[in-house]
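Subject: Structure for you to look at

Hello,

Here is the structure I said I would send. Please open it next to the notes below.

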2 protein chains.
Amino acid sequence: MDLKQIAKDTSKTVISYLTYQALRTVLAQLSETDPPQAMWLHRFSSQDKIQDGEAYLKALFQERKDLGFRILTVREHLAIEVCDFLPEMVRTGIQQANTEHRREQLEQITLLDTNVASNYPEQPEEG
Amino acid sequence: MDLKQIAKDTSKTVISYLTYQALRTVLAQLSETDPPQAMWLHRFSSQDKIQDGEAYLKALFQERKDLGFRILTVREHLAIEVCDFLPEMVRTGIQQANTEHRREQLEQITLLDTNVASNYPEQPEEG
């Protein structure tokens, strides 16, 4: 288990995800102030393209530098606002979800035991 | 911009990603100790299924409880080891990538200016 590599890959995933959230923010702003631009950006930003945040931005800069710069600014802001909460939220989220999965499994085992017990009730002792 | 919702969605993305990394870790361990089981788990865990970590685990528990419990344990361990490094790594990563995009754009503008200047050289004054 290469923890350093896993941390690096996880941080890359978060960066791409924040780029996607920055795009969504800019789309919401534009749909208020400039619907045709919002439409253009929406069409440009397919699900496929946005999977790799840096490649997406490179492609966007080729077409519309102003929108590229705008997404850079928003994702930097998001990173500053959101990142500090992540460690606690992720740890707690995983602990809660794990507890839930374990509880469900325990419940199924208990249910199974009860069924087995009711199918094979204790025989009355013969006198 | 709903920062609270964005933080929540980002943490969900990290949890699913760590579940995927936990699966990869278990796959690597099994391919050393029990190749047929590794093969089974690999076949079971398509790219599609693993997008939503909790749904994936629910499905896995239906088939192989032991492997389900194993992935829970590994992802909890990964969360503890990796999460504290994320804020700094993500912030620095975004700042560096943004600087790189801005530098490239500046370079292109400078290149453009140079080309324009060489296409329209200063005319010699007529004497």
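Arg75(B) touches residues from both chains of this predicted model. From chain A, the residues in contact with Arg75(B) are Ile94(A), Ala97(A), Asn98(A) and His101(A). From chain B, leaving aside residues up to four places away in sequence, they are Ile15(B), Leu18(B), Thr19(B), Ala22(B), Glu54(B) and Leu57(B).

Two of these neighbours also make polar contacts with Arg75(B). The side chain of Thr19(B) is joined to that of Arg75(B) by a polar contact of 3.0 Å. With the side chain of Glu54(B), the polar contact is 2.9 Å.

To find Arg75(B) in the viewer, go to helix α5 of chain B, which covers residues 65–82. Is Arg75(B) buried or exposed? Its relative accessible area is 0%, and buried means under 20%, so Arg75(B) counts as buried.

Next, the two chains as a whole.

Last, the domains. The domain assignment divides chain A into domain 1 (1–84) and domain 2 (85–118). Between the C-alpha centres of these two domains of chain A there are 35 Å.

Regards

Note on methods:
Residues numbered from 1 in each chain as written. Chains lettered and ligands numbered in written order. Predicted model: local features only at pLDDT ≥ 70, side-chain atom pairs only at ≥ 80, totals over all residues. Heavy atoms only, no water. Helix = DSSP H or I, 4+ residues; strand = E, 2+ residues; numbered from the N terminus. Buried < 20%, exposed > 50% of the residue type's maximum accessible area, 1.4 Å probe, protein only. Polar contact = N/O pair within 3.5 Å; in protein donor to acceptor, adjacent residues only side chain to side chain. Contact = heavy atoms within 4.5 Å. Domains from an automatic or database assignment.
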